[in-house]
Amino acid sequence: MTESRSAAHFQKIYEASADPWGFGSDPYEQEKYGRTLATLGDRRFVAGLEVGCSIGVLTRLLAPRCDSLLGIDLVEQPLAAARARCSDQPQVRFERMQVPQAWPDGRFDLIVLSEVLYFLTAADIEWCARRVRGSVLPGGVVVLVNWLGESDDPTPGDEAADRFIRATAGWLGVLHQDRRPGYRLDVLERR
């Protein structure tokens with residue numbers, strides 16, 4: 001039976017490299033972050049949540065748009081780097097937790113799931129969708145970014161995004177969809 005990626009899986013990855021995906025330097029990552037921010041326009045958010053914040057590169061870019069921003073990840077090494085990267089942003093805080101088994105308290109008008117859903121099984125993606133439903137404010141947006149390459153992760157990127165969108169149909173509507181080389185970006189809005 002396939003399982004969602006565990007904390008131990010990511011612990012090994014971060015022990016091998018402080019920035020295993022090149023979030024801080026890879027042109028692919030920089031373009032993806034720029035596109036993600038562009039889809040949000042000039043909108044400002046009261047409370048943001050970034051699931052799978054890693055070393056805080058996207059968190060740092062989202063911070064000026066949020067009155068408060070919570071970044072979560074399931075291992076401590078990247079969270080330490082994220083805290084250091086965003087130390088001059090008093091509205092940003094970080095917590096260690098594994099989604100969807102754990103979920104932060106509070107309500108959010110921005111929830112970002114960038115490059116995380118495909119690490120989850122189909123059942124956990126649906127559980128994550130239920131968690132989002134319970135915490136996204138009316139009019140709030142949910143941003144999905146999914147890598148489309150081949151991998152041995154539990155759920156391919158397209159399937160992960162499509163499953164989440166189906167699981168949230170009726171209360172989240174698709175605002176924007178974009179396919180780029182290597183990834184897809186979906187922006188949903190709470191009805």
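**Aromatic pairs and their surroundings**

Guide: The structure holds 7 aromatic pairs. A pair here means rings of Phe, Tyr or Trp (for Trp, its six-membered ring) with centres within 6.5 Å; planes under 30 degrees apart count as stacked, over 60 as edge-to-face and the rest as tilted. For W21 and F119 the ring centres are 6.5 Å apart and the planes stand at 55°, so this pair is tilted. The two residues are 98 places apart in the chain: W21 sits in the loop between α1 (7-16) and α2 (27-39), and F119 in the loop between β4 and α5. Helices (H or I, at least four residues) and strands (E, at least two) are DSSP runs, numbered from the N terminus.

Some ground rules apply to everything here. This is a predicted model, in which local features need pLDDT of at least 70 and side-chain atom pairs count only at pLDDT 80 or more, while totals for chains, interfaces and linings use all residues. Residues are numbered from 1 along each chain as its sequence is written, and side-chain values use heavy atoms, with hydrogens and water left out.

W21 is partly exposed, at a relative accessible area of 32%, whereas F119 is buried, at 12%. Buried means under 20% relative accessible area, exposed over 50%, and partly exposed in between (1.4 Å probe, protein chains only). A second pair, Y28 and Y183, has ring centres 5.8 Å apart and planes at 80°, so it is edge-to-face. This pair also links distant parts of the chain, with Y28 in helix α2 and Y183 in strand β7, 155 residues apart. Y28 is partly exposed at 23%; Y183 is buried at 0%. W21 and F119 belong to a cluster that ring pairs build from F10, Y14, W21, F23, Y118 and F119.

T155 lies in the loop between β5 and α6 and is buried, with a relative accessible area of 2%. Neighbours within four places in sequence aside, T155 is in contact with Y118, L120, T121, A122, I125 and A160. Contact means heavy atoms within 4.5 Å.

The axes of α5 and helix α6 (residues 157-168) come within 9 Å and cross at roughly 45°. Axes are lines fitted to C-alpha atoms, for helices over the stretch in contact, and angles run from 0 to 180 degrees between N-to-C directions. The two helices are therefore oblique to each other: angles under 35 degrees count as roughly parallel, over 145 as roughly antiparallel, 65 to 115 as roughly perpendicular, and the rest as oblique. On the α5 side the contact is made by A122, I125, E126, C128, A129 and V132, and on the α6 side by A160, R163, F164, A167 and T168.

Helix α5 (residues 122-135) also lies across β4, β5, β6 and β7 (183-190), running at about 150° to β5. Those strands belong to an open sheet of 7 strands with mixed pairing, in the order β3-β2-β1-β4-β5-β7-β6. Two strands pair if DSSP finds at least two bridges between them. At the edges are β3 (92-96) and β6 (172-180), each pairing on one side only. From one strand to the next the twist averages 15°. Strand β4 (residues 108-114) and strand β5 (residues 136-147) pair in the parallel sense over 6 bridges, with L110 standing opposite V141 in β5.

Back in the loop between β4 and α5, which holds F119, there is also E115. Its phi is near 60°, a positive value in a residue other than glycine, and E115 is buried at 9%. S54, in the loop between β1 (45-51) and α3 (57-62), likewise has a positive phi, near 55°. At 3% relative accessibility, S54 counts as buried.
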